[in-house]
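Trainee: Before we discuss this entry, could you take me through it by question and answer, step by step?
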Number of protein chains: 2
Amino acid sequence: MIELYHAGLSTCSKKVRLCLKEKGIDYVSHYVDTSRFEHHHPDYLALNPNGLVPTLVHNGVVVIESSIINEYIEDAFPETPLRPADPGKRAHMRLWSRFSDEAATLSYAFTLASGNGFANALRGLDEAELEARLEQFPLPERRAAVAKALLEGGASDAELESSRARAVAIVTQAEQDLAKAPYLAGDDYSLADVNMIAHIERFRDRILPGRFTPQTYPRTFEWFGRIMDRPKVKEAFANSAETRPTPPTSVSA
Amino acid sequence: MIELYHAGLSTCSKKVRLCLKEKGIDYVSHYVDTSRFEHHHPDYLALNPNGLVPTLVHNGVVVIESSIINEYIEDAFPETPLRPADPGKRAHMRLWSRFSDEAATLSYAFTLASGNGFANALRGLDEAELEARLEQFPLPERRAAVAKALLEGGASDAELESSRARAVAIVTQAEQDLAKAPYLAGDDYSLADVNMIAHIERFRDRILPGRFTPQTYPRTFEWFGRIMDRPKVKEAFANSAETRPTPPTSVSA
């Protein structure tokens, strides 16, 4: 039995939910409501000491970190492979998994600034409550980013611009790769695409608004539309029972 | 034919040289002399646009990023496996590969402060030459770290302490894992150990001097001694023809 603890439409939760759906794997969905600080609850921290979503539990094996979870899913369920068989292309896929990890890190300040449910819940606290919540962050870099967003007026323009420059570098790499093949890691749809699509959507909407267009990055924009049109991407990225606070739900592929 | 472009005894070069030696794979060694800025030479940047070492070239396939290179070596040369067969243990191994990537990032400021060959070469330049060299850094975060080290007196105490705290968190994780099994990812020596050993040595010598001892982290210290005693680790970590500026050398396993 597979159980997925996730935060619905957060980018890293989308990555893993999409991987499971593309491979046709049924799972029990546990929505972790970060606006109610459920990711810092001791029961959840026992599974994921970093207090991050998602976490996969498969027959008692606990796996954390979305890129590592998706490799685990490939290792445990080799049917409908999403990793290229060729070692060189597989290495290139892993370079894209790493870009997706970097994208998650660089977009965090933007997410906090735009006010996701978690940030808004923190903004509703008085100073003592906020201090107590900040104490509960297991990862000091997350705690520092949240403290900066809520107590010091957010990331500086220089920091945001440096993150935007990295996002531009990633999209530029996509543009180069897509000149050679229809998918990021070659001729086949792979974890490179699965891991990046939610982040490119985030780049378009929040990090590079107006700068990621059919004119600026034509190949990546075409790829983006093509991937977003896939039935399983539509399903994973839609508002649904699975992406709202609910009791655990069985999700059939 | 395998060719490895590396900087000898840099931590990430050690990771890949050790992996090749443990698997008994012959390779042609190309020493990239960073003190002569060879990693920023256009010929090298054509292989590795990030201007980082190491880079592996195998029958025309170019692979960058040391953790990704070591996974590539496993994919291309499955004999003498250094990845656990069990998917859960393999995921845990990948968590350690990620810690090794994080260790490389957090230790860079300490390396620059201690004055490696590259930093010393930069310190020997006049202001105009230094500015020109800084312009050549492909990765803005590396350029910023070097500029800070050379022009602004180095990383702040707060930044160094935050890096030390992450190093402590990594060693604490090792201590927990080694309570359960003799190696970082379980019962067998794996890429978890191969990827971490040079970084733990760096922690001992530069990042946590006096804080990583048999008293503070007994299991990790015992593991450290045990891994450092392996013949291939001694060979990979020793000063040798391969780790000094020389013409390409054939290295037999």
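Predicted model: local features only at pLDDT ≥ 70, side-chain atom pairs only at ≥ 80, totals over all residues.

Trainee: Which strands are the edges of the open sheet in chain A?

Mentor: Five strands of chain A form this open sheet, with mixed pairing, in the order β4-β3-β1-β2-β5. An edge strand pairs on one side only. In chain A the edge strands are therefore β4 (61-64) and β5 (249-251).

Trainee: By how much are neighbouring strands of this sheet turned against each other on average, and what packs on the sheet?

Mentor: Helix α3 (residues 66-76) of chain A packs on the sheet, touching β3 (55-58) and β4 of chain A, and its direction makes about 135° with that of β4(A). Between neighbouring strands, with direction ignored, the average turn is 25°.

Trainee: Which residue of β4(A) is the bridge partner of A:H58?

Mentor: β3(A) is joined on one side to strand β1 (residues 2-6) of chain A by four bridges in the antiparallel sense, where A:I2 has A:H58 as its bridge partner. β3(A) also pairs with β4(A) over four bridges, again antiparallel. In β4(A), the partner of A:H58 is A:V61.

Trainee: Are the residues A:T55, A:V57, A:L56 and A:H58 of β3(A) buried or exposed?

Mentor: In a regular strand the side chains alternate between the two faces of the sheet. In β3(A), A:T55 and A:V57 lie on one side, with A:L56 and A:H58 on the other, and both faces are covered. All four of these residues are buried.

Trainee: Which residue takes a positive phi in the hairpin of β3(A) and β4(A)?

Mentor: This hairpin has two residues between the strands. The positive phi is near 45°, and the residue that takes it is A:N59.

Trainee: How are the rings of B:F37 and B:F118 arranged, and how many residues apart are they?

Mentor: Their centres are 5.9 Å apart with 75° between the planes, so the pair is edge-to-face, the class for planes over 60 degrees apart. B:F37 lies in the loop between β2 (27-31) and α2 (42-47) of chain B, whereas B:F118 belongs to helix α5 (residues 117-123) of chain B. The pair thus links distant parts of the chain, and the separation is 81 residues.

Trainee: Is B:F37 buried or exposed, and which residue lies over its face?

Mentor: The relative accessibility of B:F37 is 10%, so this residue counts as buried; B:F118, with a relative accessible area of 4%, is buried as well. At 3.9 Å from the ring centre, the residue over the face of B:F37 is B:R133.

Definitions and conventions. Residues numbered from 1 in each chain as written. Chains lettered and ligands numbered in written order. Heavy atoms only, no water. Pairing = 2+ DSSP bridges. Axes fitted to C-alpha atoms, helices over the stretch in contact; angles between N-to-C directions. Contact = heavy atoms within 4.5 Å. Phe/Tyr/Trp six-rings, centres within 6.5 Å; stacked < 30°, edge-to-face > 60°. Buried < 20%, exposed > 50% of the residue type's maximum accessible area, 1.4 Å probe, protein only. Lys NZ or Arg CZ within 6 Å of the ring centre and 35° of its normal.
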